[in-house]
Amino acid sequence: MWSLHPSHLDRAGLVAGWRETLLAQAVLADLTKGYKNHPQLERFRETSDPLLMVGAYLRGLHEESLARGYRFDGSKIMRTEHVTELIPVTDGQLAFEWTHLGSKLAHRSPEDAARWAESSPTPHPLFKVVSGGVATWERV
């Protein structure tokens with residue numbers, strides 16, 4: 001689950017992010033037994049309303065999918081209320097993900113890699129950037 005804005009992702013990254021986050025939503029709603037210890041769930045569990053926050057994350061992915069003409073099923077988002085709380089993401093985490101995304105794009109999507117090279121990282125709308133290193137839950 002990328003901290004980066006969904007517009008930075010290629011098709012494969014956007015689709016994978018949607019599927020992975022739907023699974024995370026099921027975990028947070030206690031609808032599945034697997035995936036419960038995924039490290040990235042920490043940042044949602046640390047919020048006042050994890051299910052609402054993961055819904056906000058999914059909304060960002062859904063909006064990007066619509067902008068690209070994809071048909072992600074928005075009815076799968078369990079909570080769609082507006083959020084006022086933003087989740088902090090460190091500039092170090094964003095930079096780490098940016099470099100990682102660039103490597104992925106170079107291998108699977110040359111057009112998107114060229115677009116990536118001409119831009120700079122911005123966060124998913126659910127996150128606010130704070131100073132710091134790579135997140136403790138990140139596998140480095």
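Helices here are DSSP runs of H or I with at least four residues, numbered from the N terminus. The model is predicted.

**Packing of helices 4 and 5**
- Helix 4 spans residues 91-108 and helix 5 spans residues 110-117; their axes come within 6 Å and cross at roughly 145 degrees.
- The crossing of helix 4 with helix 5 is left-handed.
- Helix 4 contributes Trp98, Thr99, Leu101, Gly102, Leu105, Ala106 and Arg108 to the contact, and helix 5 contributes Pro110, Asp112, Ala113 and Trp116.
- Sorted by class, the contact residues are 7 nonpolar, 2 polar and 2 charged.

- Arg115 and Asp112 form a salt bridge, with 2.8 Å between the closest N and O atoms.
- The two residues are 3 apart in helix 5, so about one helical turn separates Arg115 from Asp112.
- Asp112 is buried at 18% relative accessibility, whereas Arg115 is partly exposed at 32%.

- Asp10 and Arg108 pair through their side chains in a salt bridge of 2.7 Å, N to O.
- Asp10 lies in the segment before helix 1 (11-28) and Arg108 lies in helix 4, 98 residues apart.
- Asp10 is buried, with a relative accessible area of 3%, while Arg108 is partly exposed at 38%.

**Salt-bridge network**
- Salt bridges link Asp49, Arg79 and Glu81 in a network.
- Arg79 is partly exposed at 22% relative accessible area, and Glu81 is partly exposed at 39% relative accessibility.

Terms used:
Residues are numbered from 1 along each chain as its sequence is written. This is a predicted model: local features need pLDDT of at least 70, side-chain atom pairs count only at pLDDT 80 or more; totals for chains, interfaces and linings use all residues. Side-chain values use heavy atoms; hydrogens and water are left out. Axes are lines fitted to C-alpha atoms, for helices over the stretch in contact, and angles run from 0 to 180 degrees between N-to-C directions. A crossing is left-handed if the near helix is turned anticlockwise from the far one by less than a right angle, and right-handed if clockwise. Contact means heavy atoms within 4.5 Å. Ala, Val, Leu, Ile, Met, Phe, Trp, Tyr, Cys and Pro count as nonpolar, Asp, Glu, Lys and Arg as charged, and the others, Gly among them, as polar. A salt bridge is a side-chain nitrogen of Lys or Arg within 4 Å of a carboxyl oxygen of Asp or Glu. Buried means under 20% relative accessible area, exposed over 50%, partly exposed in between (1.4 Å probe, protein chains only).
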